[in-house]
Amino acid sequence: MSRIQLALNVDDVEAATAFYSKLFGVEPAKTRPGYANFAIADPPLKLVLLENPGTSGTLNHLGVEVADVDAVDAEQTRLAAVGLASTEERDSTCCYAKQTKFWVENTPGGERWEVYTVLADSPTFFADAAPAAAAAAADAEIPETADGGSSTTQPAAAACC
């Protein structure tokens, strides 16, 4: 099973959760302070809401959720064969889940794309961060890529899901 992931910045995660529950006719699969995600069957979509006040309505990042680590590896190999570079993250914790993933580098518009699988649930947003620390980290800035690539500086929450 694969599905597209759309991660949106919202000012108020509770209000956004109520709206998207009505829009798609489903309740969120997971909610935490400042965070919600929906596993929508029709259309197949993983919708992630990240509370980042002042950035409401903007794209946080995009992704493709795949069934398992073998599928992550197969996609990374396929993309490398057609010349797309990536940055791998094995057994990382982000968005209240332990994941294996990679980020596609140098997208033409600077948008962030990840290909990932969820290995297990996590009580924390990041690996060793308490929820309050994760919320504070969401306000921090991520620098541009080392090669000066097309990514722009984005909130720390843009670094995962």
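User: What do β6 and β7 form, and how many residues sit between them?
Analyst: β6 and β7 form a hairpin, with two residues between them. C95 is in that turn, and its phi is positive, about 55°. Keep in mind that this is a predicted model.

User: Ok. How many bridges join β6 to β7, and do they run parallel or antiparallel?
Analyst: Seven bridges join them, and the strands run antiparallel. To find your way around, β6 covers residues 86-94 and β7 covers residues 97-104. You can look for S92, which stands opposite Q99 in β7.

User: Is β7 largely enclosed or open, and why?
Analyst: Seven of its eight residues are buried, so β7 is largely enclosed by the rest of the structure.

User: Switching to helices. Which residues of α2 are buried?
Analyst: V72, Q76 and L79 are buried in α2. They cover an arc of only 65° around the axis, so they are on the same side of α2.

User: Why would residues a few places apart end up like that?
Analyst: An α-helix has 3.6 residues a turn, so residues three or four places apart point the same way.

User: Nice. What do those buried residues pack against?
Analyst: They pack against β6, β7 and β8. The face of α2 turned away from the buried side carries the exposed residues D70, T77 and A81.

User: How far apart are the ends of α2, and what span should we expect?
Analyst: The helix has 13 residues, 69-81, and at 1.5 Å a residue it should span 18 Å. Its end C-alpha atoms are 18 Å apart, which agrees.

User: Next topic, salt bridges. How many are there?
Analyst: The count comes to eight. One of them pairs E65 with R3, where the closest N and O atoms are 2.6 Å apart. That pair links distant parts of the chain: E65 is in β5 and R3 is in β1, 62 residues apart.

User: Are E65 and R3 buried or exposed?
Analyst: E65 is buried, and so is R3. They're also linked with K46 in a network of salt bridges.

User: What about R32, which residue does its side chain meet?
Analyst: R32 meets D121 in a salt bridge, 3.1 Å from N to O. This pair links distant parts of the chain too, with R32 in β2 and D121 in β8, 89 residues apart. R32 counts as partly exposed, at 27% relative accessibility.

User: Last one: where is N9, and is it buried or exposed?
Analyst: N9 is in strand β1, residues 3-10. Its relative accessible area is 4%, so N9 is buried.

User: What does its side chain make a polar contact with?
Analyst: The side chain of N52, at 2.7 Å. Leaving aside neighbours within four places in sequence, N9 is in contact with several residues, including L50, S56 and N60.

Terms used. Residues are numbered from 1 along each chain as its sequence is written. This is a predicted model: local features need pLDDT of at least 70, side-chain atom pairs count only at pLDDT 80 or more; totals for chains, interfaces and linings use all residues. Side-chain values use heavy atoms; hydrogens and water are left out. Helices (H or I, at least four residues) and strands (E, at least two) are DSSP runs, numbered from the N terminus. Buried means under 20% relative accessible area, exposed over 50%, partly exposed in between (1.4 Å probe, protein chains only). A polar contact is a pair of N or O atoms within 3.5 Å; within protein, one must be able to donate a hydrogen and the other to accept it, and residues adjacent in sequence count only if both atoms are side-chain atoms. Contact means heavy atoms within 4.5 Å. Two strands pair if DSSP finds at least two bridges between them. The expected span of a helix is 1.5 Å times one less than its number of residues. The arc is that of the directions from the helix axis to the C-beta atoms. A salt bridge is a side-chain nitrogen of Lys or Arg within 4 Å of a carboxyl oxygen of Asp or Glu.
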